Each structure stands twice: as C-alpha cells, then as structure tokens.
Amino acid sequence: MSGEYCSFLLLAILTGCHFLESADGLENGLARTPPMGWMPYERFRCVTDCVNFPRDCISESLFKRTADLLVSDGYAVLGYEYLIIDDCWMERDRDAITGKLVPDRARFPSGLDALANYIHASGLKFGLYHDIGERTCMHGGPGAQGHFALDAHTFADWGVDYVKLDGCFAAHMDLDRAYPEFGRALNRTGRPMVYSCSWPFYHKTPNYELIQTHCNLWRFAEDVEDSYQSVMRIVHNYHKHQHTMVKHGGPGHWNDPDMLVLGNYRLSYEASRLQLAMWTVLAAPLIMTNDLETVRPEIKALLQNRAIIEVDQDVLGIPGALVVSSGNVQVWLRTIMPINNLGFHSYAVAFVLHGNYAPCPLCPQTVEVVLDNLGLHNVMGYTVHDLFNVSHNLGLFRAKDKFKTRINPQGVTFYKFKAEDFY
C-alpha cells in the first residue's frame with residue numbers, strides 16, 4: 001500500500017465528512033444519497049410512432065405502465081423512486097401565446113400535470129428532461145435558451161421533482177454561466193427539484209468546483225450503450241479523473257456515469273453484474289433503462305439486490321477508486337459504513353477481470369491479494385460477505401491475510417469487508 005494512496009483515502013474520508021456537515025450549493029437539501037429510478041432513453045430511445053409501436057413509443061401510457069410496475073414489482077420500496085421522462089416528450093414549438101413548453105398533444109393527451117399526479121399518487125417522484133440550448137438533442141424540441149425562468153416555473157407548476165438538463169445546441173453559450181443560472185431559476189420557484197446537469201460532458205475543461213456547487217449530479221461521460229465495451233469505456237473515463245471525481249462527489253452532488261442498462265438485449269449476465277457493481281463502487285445514481293415487463297428474473301434479482309443497494313446508498317457518500325491494476329485484473333475500493341470502535345472503516349471491494357488472458361481468453365482467473373496492500377489495516381480484521389450472495393459469509397480476514405477470489409471473464413466479484421470491533 002503506497003503512501004500516496006493512504007493520503008488519497010484520507011482525502012476521500014475527509015471530503016465525505018465535509019459534505020455531511022455542509023449544505024450543497026443548491027441549498028435544496030436533495031439527493032443526499034445517489035438518486036434511484038427509471039428513464040426510458042437507452043431502451044426506448046425516441047420512438048414517437050404510437051400507431052405502429054404503441055408499447056414502445058414515448059407516451060403517457062408508457063410512463064403510467066412503468067409507474068405501476070415500479071410499485072407492483074417491488075422496485076419502489078427498494079428506493080427506485082424517480083420516474084424520469086427523457087427527450088421526445090414535447091411539441092416542436094412553444095405555445096404561440098404564452099411561450100410555454102407544450103407536451104406532445106397526441107402522446108400525452110392528459111398533460112404532464114395529470115401524469116405527475118398519477119406518478120405522485122403511486123408514491124413516486126416525477127422527473128423531466130430539458131436542454132440548456134436552442135433545441136433538445138434527439139427530438140429537436142425547444143430548448144431552455146432565453147426561457148430559464150418560464151421553464152422552471154412551468155416545471156414547478158407541473159409538479160416536477162427532478163430535472164435533467166442536457167447541453168446540445170449550446171456551443172455559443174457560456175455553460176459556466178448558463179447552468180448555474182438555470183439552477184437558480186429552479187430554486188426561485190420554491191419547489192425542490194433535483195438538478196441533473198450534463199455540463200461537464202459538453203465542456204473541454206470542466207470546473208468541478210463550480211459544477212459541484214450548482215448541480216445535484218452531473219454526467220461526465222458519453223451516453224451508455226447496451227454493451228460491456230460501453231460500460232468499461234465509462235469506467236475508464238472515471239478512472240482517468242478519479243482523484244477529481246472522489247473529491248467532488250458526495251451527498252447532494254454525485255458523479256453520474258449514466259443509466260443502468262441491465263435487462264435489455266445485449267449485456268450478458270456477467271457484464272450486468274459488472275455494471276451494477278461498478279456503479280455502486282462509484283457511488284453512482286442507479287437509474288434503470290429497460291422494459292420492466294420483460295426483465296428476466298435473474299436480472300431483476302440483481303437490480304433488487306438489497307445488499308448492493310445498501311452499499312450504493314451508503315450515508316458517507318464517498319466515491320470509490322481503482323487501487324490495483326495488474327494485467328487484465330483491477331481492484332476497486334469504496335469506503336463505507338460501519339466504522340468500528342477503533343475508527344476503522346468498512347469497504348466494498350470489486351475485483352474486475354477484463355478477459356483477454358492470453359493462455360486462456362475465456363477462462364476464469366484466480367486473484368490473490370493481501371488486505372494490508374489494499375489499505376485494510378484493521379488489527380481486528382474484517383468479516384467478508386459476498387454482495388451477490390449476502391448469506392455467503394467467507395469468514396474473518398486480518399490485515400496480513402491473503403484473500404482469494406475467482407473471477408469470470410469480463411466479470412466481477414464484489415464483497416463487503418466489515419471492520420470488526422476491538423474487544
């Protein structure tokens with residue numbers, strides 16, 4: 001364990017504690033743990049043809065159906081509470097008289113205020129997409145430019161609880177001024193709304209001090225796609241900037257690597273485990289994008305894994321980091337509760353295998369590490385549980401002990417190392 005990484009861990013701990021003690025810059029008191037919920041975009045894209053594709057089109061029918069399933073299938077009770085409409089919900093032009101945004105009249109005939117009431121009556125919260133620039137990214141609907149106060153008040157009137165603000169068609173704008181301005185417009189409505197910014201993705205040199213001050217969460221990487229390669233590109237992006245990410249992520253302001261693509265067409269079971277584990281290590285929002293009616297039982301079990309959700313929602317809110325990289329194996333570590341009576345933290349540890357092992361590319365590999373070398377120094381040791389099978393107690397491991405795990409290709413093993421008390 002290097003002195004550099006010890007300093008890094010200390011910084012993470014102190015940063016997390018600081019965030020617990022101070023209000024975020026939005027002063028909205030929201031997103032004290034990473035938001036959880038559902039969005040349609042990667043699964044349903046921008047399908048607007050409800051005549052030929054009535055189940056898949058972006059419509060009030062889709063969102064009512066999903067609200068019902070979030071509740072009836074047990075997702076809501078586990079924390080998946082935000083039901084968020086992405087792009088393609090609006091008419092191409094604003095109301096000619098009021099200048100307000102208008103939901104598509106054919107696909108949302110009851111209006112978004114009525115849809116919000118339906119979602120709220122289900123015990124859920126209502127989120128909505130918008131764009132900071134002239135037009136939205138996929139649908140080309142009207143953006144927020146020149147209408148910040150009007151749109152913020154419109155959202156408040158509709159009962160919106162979460163705003164995702166994209167950054168297309170805004171090359172002419174100073175994003176360092178525009179995103180804070182829209183956030184202030186949201187605050188002035190008096191309605192608490194989680195503010196999700198795409199700000200850093202559209203900025204060559206993002207100022208994370210500023211972004212952290214004005215956003216509850218921020219997209220820092222490309223749109224996720226339904227593939228192992230896409231998931232790992234985003235993880236690699238995080239790793240390149242992990243000192244910055246750890247410093248600025250925490251309660252009220254989170255690094256957002258985009259949606260969970262579990263339960264769609266391409267991601268394998270092993271890669272599904274991998275994405276869920278990595279998003280949890282990063283202290284990321286858990287926003288699903290799938291068709292809840294067709295999610296396979298084994299994927300549903302992953303998405304509803306209480307032990308993993310508990311780690312993701314850990315109250316310290318300290319994002320994790322890559323601590324060991326050797327060949328095609330990585331070890332990621334996240335500091336979590338509980339803290340023992342000597343002041344030692346517990347940890348979530350993910351062992352990742354990229355495959356490409358030359359002697360046997362499709363073979364699992366066994367990895368062995370000494371706990372001390374990961375920074376796990378508690379003299380009383382750690383009780384280890386498999387987070388994918390929490391009933392599997394691997395026993396007590398002390399700092400000088402070796403820990404072995406066997407990882408499937410392009411897969412992950414994921415454990416909680418609980419710091420035991422001194423007695």
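Colleague: Which elements do the buried residues of helix 3 pack against?

Modeller: They pack against strand 1 (36-38), helix 2 (41-44), strand 2 (82-85), helix 4 (112-121) and strand 8 (286-288), where contact means heavy atoms within 4.5 Å. Helices (H or I, at least four residues) and strands (E, at least two) are DSSP runs, numbered from the N terminus. This is a predicted model, in which local features need pLDDT of at least 70 and side-chain atom pairs count only at pLDDT 80 or more, while totals for chains, interfaces and linings use all residues. Residues are numbered from 1 along each chain as its sequence is written, and side-chain values use heavy atoms, leaving out hydrogens and water.

Colleague: And which residues in helix 3 are buried?

Modeller: Among them are Leu 62, Phe 63, Leu 69 and Leu 70, buried being under 20% relative accessible area, exposed over 50% and partly exposed in between (1.4 Å probe, protein chains only).

Colleague: What follows helix 3?

Modeller: Gly 74, with a positive phi near 85 degrees.

Colleague: Switching to rings, how many aromatic pairs are there?

Modeller: There are 21, counting rings of Phe, Tyr and Trp (its six-membered ring) with centres within 6.5 Å; planes under 30 degrees apart are stacked, over 60 edge-to-face, and the rest tilted. Phe 155 and Trp 158 count as tilted because their planes stand at 35 degrees, with the centres 6.2 Å apart.

Colleague: Where do Phe 155 and Trp 158 sit?

Modeller: Both belong to helix 5 (residues 148-158), and because they are three residues apart, about one helical turn separates them; Phe 155 and Trp 158 are both buried.
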